[in-house]
Amino acid sequence: MFHQNTRNYRQKKRKFVICGNNGNSLVERALTNKGWVLSENEDLFHLKWTELKSHIDYDRFQEGKQLANHISSSSCITTKSGLLNTLRSYFGSSALKETSTELKKFFPETYRLSDCREQEKLLNTIGKNELWICKP
């Protein structure tokens with residue numbers, strides 16, 4: 001029975017959907033060369049390639065059966081402010097108080113300018129003739 005199911009699985013054409021223009025021709029060519037088929041139904045796919053994470057309905061996403069080129073809740077590591085908050089939370093936990101200086105060894109000193117307290121802290125930190133980078 002296992003062999004028959006495996007054979008049937010391999011015989012089924014894998015379907016993919018592309019939304020947006022994020023390398024779509026390259027992705028389509030690579031997948032069709034591997035035997036995948038472009039799905040005409042945006043809800044029936046094994047792989048969804050999208051330009052924006054918002055094009056993926058994670059509530060309807062079938063984990064283990066479908067793939068996507070974006071990960072839900074990834075902003076905690078994929079945006080600078082998300083990474084900053086995640087690292088501060090991790091290194092600020094009571095178990096890691098002694099290693100909080102480890103954060104400064106690999107992550108540059110960073111301030112969120114949208115936070116008034118951090119703006120003030122930055123202004124008090126800046127020395128004369130120092131260069132700081134403001135990344136929007």
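This is a predicted model: local features need pLDDT of at least 70, side-chain atom pairs count only at pLDDT 80 or more; totals for chains, interfaces and linings use all residues.
Biologist: In what order do the helices and strands of the protein run from the N terminus?

Modeller: The protein contains 6 helices and 4 strands. Read from the N terminus on, these elements follow the order α-β-α-β-β-β-α-α-α-α.

Biologist: What share of the residues of the protein counts as buried?

Modeller: The accessible surface of the protein amounts to about 11,100 Å², and carbon and sulfur atoms account for 53% of that surface. The chain has 136 residues, and the share that counts as buried is 20%.

Biologist: Which strands pair with S1, and in which sense, parallel or antiparallel?

Modeller: One partner of S1 is strand S2 (residues 37-38), joined to S1 over 2 bridges in the parallel sense. Within this pairing, Phe16 has Leu38 as its bridge partner in S2. The other pairing links S1 to strand S3 (residues 47-50) over 4 bridges, and there Cys19 has Thr50 as its bridge partner.

Biologist: What is the handedness of the β-α-β crossover from S1 to S2?

Modeller: Between them the chain passes through H2, and the crossover is right-handed.

Biologist: Which residue of S4 is the bridge partner of Lys48?

Modeller: S3 and S4 run parallel and are joined by 2 bridges. In S4, the residue that partners Lys48 is Ala68.

Biologist: Which residues make up the largest nonpolar core?

Modeller: In soluble globular proteins, nonpolar side chains tend to be buried together. Here, S1 has 4 of its 5 residues buried. The largest nonpolar core has 6 residues: Phe16, Ile18, Val27, Leu31, Trp36 and Leu47. At least two residues of this core come from each of two elements, strand S1 (15-19) and helix H2 (24-33).

Biologist: With which residues is Leu47 in contact, leaving aside its neighbours within four places in sequence?

Modeller: Leu47 belongs to the largest nonpolar core. Its contacts include three core members, namely Phe16, Leu31 and Trp36.

Biologist: How many residues does the second, separate core hold?

Modeller: Among the members of this second core are Leu84, Leu87, Phe91 and Leu103. The core is separate, and its residues number 5.

Biologist: Is Thr110 buried or exposed?

Modeller: Thr110 is found in the loop between helix H5 (100-106) and helix H6 (116-125). Not counting residues up to four places away in sequence, Thr110 touches Lys80, Leu84, Arg88 and Glu118. Because its relative accessible area is 14%, under the 20% cut-off, Thr110 is buried.

Biologist: Which residue has its backbone oxygen 3.1 Å from a polar atom of the side chain of Ser74?

Modeller: Ser74 lies in the loop between strand S4 (67-68) and helix H3 (75-78). Ser74 counts as buried because its relative accessibility is 15%. The backbone oxygen at 3.1 Å from a polar atom of its side chain belongs to Ile71.

Notes
Residues are numbered from 1 along each chain as its sequence is written. Side-chain values use heavy atoms; hydrogens and water are left out. Buried means under 20% relative accessible area, exposed over 50%, partly exposed in between (1.4 Å probe, protein chains only). A polar contact is a pair of N or O atoms within 3.5 Å; within protein, one must be able to donate a hydrogen and the other to accept it, and residues adjacent in sequence count only if both atoms are side-chain atoms. Accessible areas come from the Shrake-Rupley method with a 1.4 Å probe; for residues, only the protein chains shown count as cover. A nonpolar core is a set of buried Ala, Val, Leu, Ile, Met, Phe, Trp, Tyr and Cys residues joined through side-chain atoms within 4.5 Å. Contact means heavy atoms within 4.5 Å. Two strands pair if DSSP finds at least two bridges between them. A crossover is right-handed if, with the strands pointing away from the viewer, the path from the first strand over the helix to the second runs clockwise.
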